[in-house]
Amino acid sequence: MNVKQLVAGLFCAFLTLPSAFAQNQARVEKIQGVETYVLCEPLQAYETVFEVATGAKAASLLTGGVVNEGVSDKVSQFVRRATKDAKSKNQEFDAVVISGSKTAIAIKFKGNGGNDKGLAKVRKIDGLAVYVMNEPVKDYETVVDASGGVKAKSYFTSGLVNNSIEEDMEQFVRRVKKEAEEAKKPIDAVVYSSGKRAIGVKFKG
């Protein structure tokens, strides 16, 4: 390989870096007026203000006696609890970060965030980037749609009362991967918005 080929190769690699990085980035949404990071890490620096419900307290908070609560229901309950706790403790916070277990934290951002404001790096489950109640930065197209219905309801809950959000999403990923494999259509990520519906997507470009 001569110098010209090496330079050209490095230039091409440099051009693809932003695209590859963007493929794991999400733009988060506000839930009940609160910026919420689910199974993803804010790009903006932050500090923890307080922890939101853990242990048996969280188990009661998350299930509320209902067996088939969806991921979006659990996320909403965390946000409501964080808002309530903040008022009782007379503390202010900017966002809620939900790791996927049965815990969450209320956080305060450092500085104004610049270009990183509202952005997060998503987690991977079983090799696929997972976007939970947030939107990929990179353009994509839907490849498979694992919608609700009796079959999906049974698959996603498996009779378990108190799955964590991460455990619920693992089931979504398995279902979407299975449908993509049966259709022989490769996917890059799973996008979940609400209810018992998730889609398998392929990024453009």
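**View 1. Val130 stands opposite Val190 in E13.** The structure is a predicted model, in which local features need pLDDT of at least 70, side-chain atom pairs count only at pLDDT 80 or more, and totals for chains, interfaces and linings use all residues. Residues are numbered from 1 along each chain as its sequence is written, and side-chain values use heavy atoms, with hydrogens and water left out. Strand E10 (residues 128-132) and strand E13 (residues 189-192) are paired in the parallel sense over four bridges; two strands pair if DSSP finds at least two bridges between them. Helices (H or I, at least four residues) and strands (E, at least two) are DSSP runs, numbered from the N terminus.

**View 2. An open sheet of five strands has the order E9-E10-E13-E14-E12.** Pairing within this sheet is mixed. Strand E9 (124-125) and strand E12 (140-146) stand at the edges with a single partner strand each, so one side of each is left without a neighbour in the sheet. Helix H5 (residues 165-183) packs on the sheet and touches E9, E10, E12, E13 and strand E14 (198-203), contact meaning heavy atoms within 4.5 Å. The direction of H5 makes about 100 degrees with that of E12; axes are lines fitted to C-alpha atoms, for helices over the stretch in contact, and angles run from 0 to 180 degrees between N-to-C directions.

**View 3. Asp126 and Lys177 form a salt bridge.** A salt bridge is a side-chain nitrogen of Lys or Arg within 4 Å of a carboxyl oxygen of Asp or Glu. Here the closest N and O atoms are 3.3 Å apart. The pair links distant parts of the chain, 51 residues apart: Asp126 lies in the loop between E9 and E10, and Lys177 in helix H5. Lys177 counts as partly exposed because its relative accessibility is 21%; buried means under 20% relative accessible area, exposed over 50%, and partly exposed in between (1.4 Å probe, protein chains only).

**View 4. Arg197 and Asp145 meet through their side chains in a salt bridge.** The N to O distance is 2.8 Å. Arg197 belongs to the loop between E13 and E14, whereas Asp145 is in strand E12, 52 residues apart. Arg197 is partly exposed, at 41% relative accessible area, and Asp145 is partly exposed, at 31%.

**View 5. Lys108 and Asp94 are joined by a salt bridge of 3.5 Å, N to O.** Lys108 is in strand E7 (residues 104-109), and Asp94 is in the loop between helix H3 (71-89) and strand E6 (95-98), 14 residues apart.
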